[in-house]
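Me: I'd like to learn how to read a fold like this one, feature by feature. Could you walk me through it?

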Amino acid sequence: MEGRRVMETMTLTRRRGSDGSLKSVSTALELLDCFESTGELGVTDLARRLGVAKSTTHRLLTTLSGSGLIEQNPETGLYRLGLHLLELGQLAKRRLRLRTAALPLLEELRQRTGHTVHLAVPEGPDVLYVERLVSLSGVQLFEDLPHRLPAHCTSAGKVIAAFNPDFARLRDTAGFPARTSQTIRTSADWQKTLNVVRGQGIAFTRDEASMGITSVAAPVRDHTGRARAAIAIIGATREFAHSAERPARLVVLASSKLGQTLCL
């Protein structure tokens, strides 16, 4: 048993670069860089440039092709960069532009409400908070909240899903893990909630991501009506008990302004 552990450790060590990164990942990135100046390359040429065996190069190409990062030209048999790289590049560019445009609106929203504000985007079946401005009250209740949460337990996730069917289906397929006793747990409840959100144009959560926390969100929609992001206001549930109308109105206004600014 001890001998096996030593061998496993030695194998892992050989697979890692000197800086502790996985050598296979480093080689895959080098492979992508090979296409910087050449449109299409074959296995033999790539292996020579990388200084690795053809069998290793072929395995890397197979893995990268499965992710859409590399594709094979059916006419020449040579490999080229895949369209998924373009999608990722456009996504990164869009999110950077989104955050830059949103920051003044988020700050204004924080100043006017005193609450924590979020800018969220869809990421798989979850929402990713690309910006968070924490409450001015000095009560740091929300700094420890994850920057990624399942869509069904957040107001941002609900409101994006209500106006983005593909995103809604991803969450439905992934299921509904419970974070609190108030979290949505079934597909039927998910669909019912989204119908309500579509009718109201905003989404609420109360004690669903974390007990004692309430949030309200509005979608940032493109010209087709599809939600691409959401702005949310978050605060202690007790603070929203008798004052949800004003935050809801303000978050709708901010989200609408952001969509107009970006000309989505």
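Me: Leaving aside its neighbours within four places in sequence, which residues is Pro177 in contact with?

Reply: Some ground rules come before that: this is a predicted model, where local features need pLDDT of at least 70, side-chain atom pairs count only at pLDDT 80 or more, and totals for chains, interfaces and linings use all residues. Residues are numbered from 1 along each chain as its sequence is written, and side-chain values use heavy atoms, with hydrogens and water left out. Now, contact means heavy atoms within 4.5 Å. With neighbours up to four places away set aside, Pro177 is in contact with Pro150, His152, Arg171 and Thr183.

Me: Where is Pro177 found, and how is its accessibility classed?

Reply: Helices (H or I, at least four residues) and strands (E, at least two) are DSSP runs numbered from the N terminus. Pro177 is in the loop between H7 and H8. For accessibility, buried means under 20% relative accessible area, exposed over 50%, and partly exposed in between, using a 1.4 Å probe and protein chains only. Pro177 comes out at 40%, so it counts as partly exposed.

Me: How many helices and strands are there in the protein chain, and what share of its residues is buried?

Reply: The chain has 10 helices and 8 strands. Of its 264 residues, 42% are buried. Among contacts with a separation of 6 or more, 54% come from residues 24 or more positions apart.

Me: Which residues touch the most other members of the largest nonpolar core?

Reply: A nonpolar core is a set of buried Ala, Val, Leu, Ile, Met, Phe, Trp, Tyr and Cys residues joined through side-chain atoms within 4.5 Å. The largest one here has 26 residues, and Leu109, Val216, Ile231 and Leu258 touch the most other members. Two or more residues each come from helix H5 (83-113), strand E3 (116-123), strand E7 (213-221), strand E8 (227-236) and helix H10 (245-262). A second, separate core has 25 residues, including Tyr129, Ala161, Phe167 and Ile184.

Me: What does Ile231 contact beyond its neighbours within four places in sequence?

Reply: Its partners include Leu106, Leu109, Val216, Val251 and Leu258, along with His118 and Ser255. Ser255 is in helix H10 and, at 2% relative accessibility, counts as buried. Not counting residues up to four places away, Ser255 touches Ala218, Pro219, Val220 and Ile231.

Me: And polar contacts: what joins the side chains of Arg132 and His118?

Reply: A polar contact is a pair of N or O atoms within 3.5 Å; within protein, one must be able to donate a hydrogen and the other to accept it, and residues adjacent in sequence count only if both atoms are side-chain atoms. Arg132 and His118 are joined by one of 2.8 Å. Arg132 lies in strand E4 (residues 126-133), and it counts as buried at 11% relative accessibility.

Me: How many aromatic pairs does a search of the whole structure find?

Reply: You describe a pair of aromatic rings by the distance of the centres and the angle of the planes. Rings of Phe, Tyr and Trp (its six-membered ring) pair if their centres lie within 6.5 Å; planes under 30 degrees apart count as stacked, over 60 as edge-to-face and the rest as tilted. The search finds 1 pair. The rings of Phe176 and Trp190 have centres 5.7 Å apart and planes at 50°, so the pair is tilted. Phe176 is in the loop between helix H7 (165-174) and helix H8 (187-200) while Trp190 is in helix H8, so the pair ties together parts 14 residues apart in sequence. Both Phe176 and Trp190 are buried.

Me: Which ring does the charged end of Arg221 sit over?

Reply: A charge sits over a ring if NZ of Lys or CZ of Arg is within 6 Å of the ring centre and within 35 degrees of the ring normal. The charged end of Arg221 sits over Phe163, 4.1 Å from the ring's centre. Arg206 lies over the face of Phe204, at 4.9 Å from the ring centre.

Me: Last one: what is phi of Asp207 near?

Reply: Most residues other than glycine have a negative phi. Asp207 has a positive value, near 60°. Asp207 lies in the loop between strand E6 (203-206) and E7, and at 17% relative accessibility it counts as buried.
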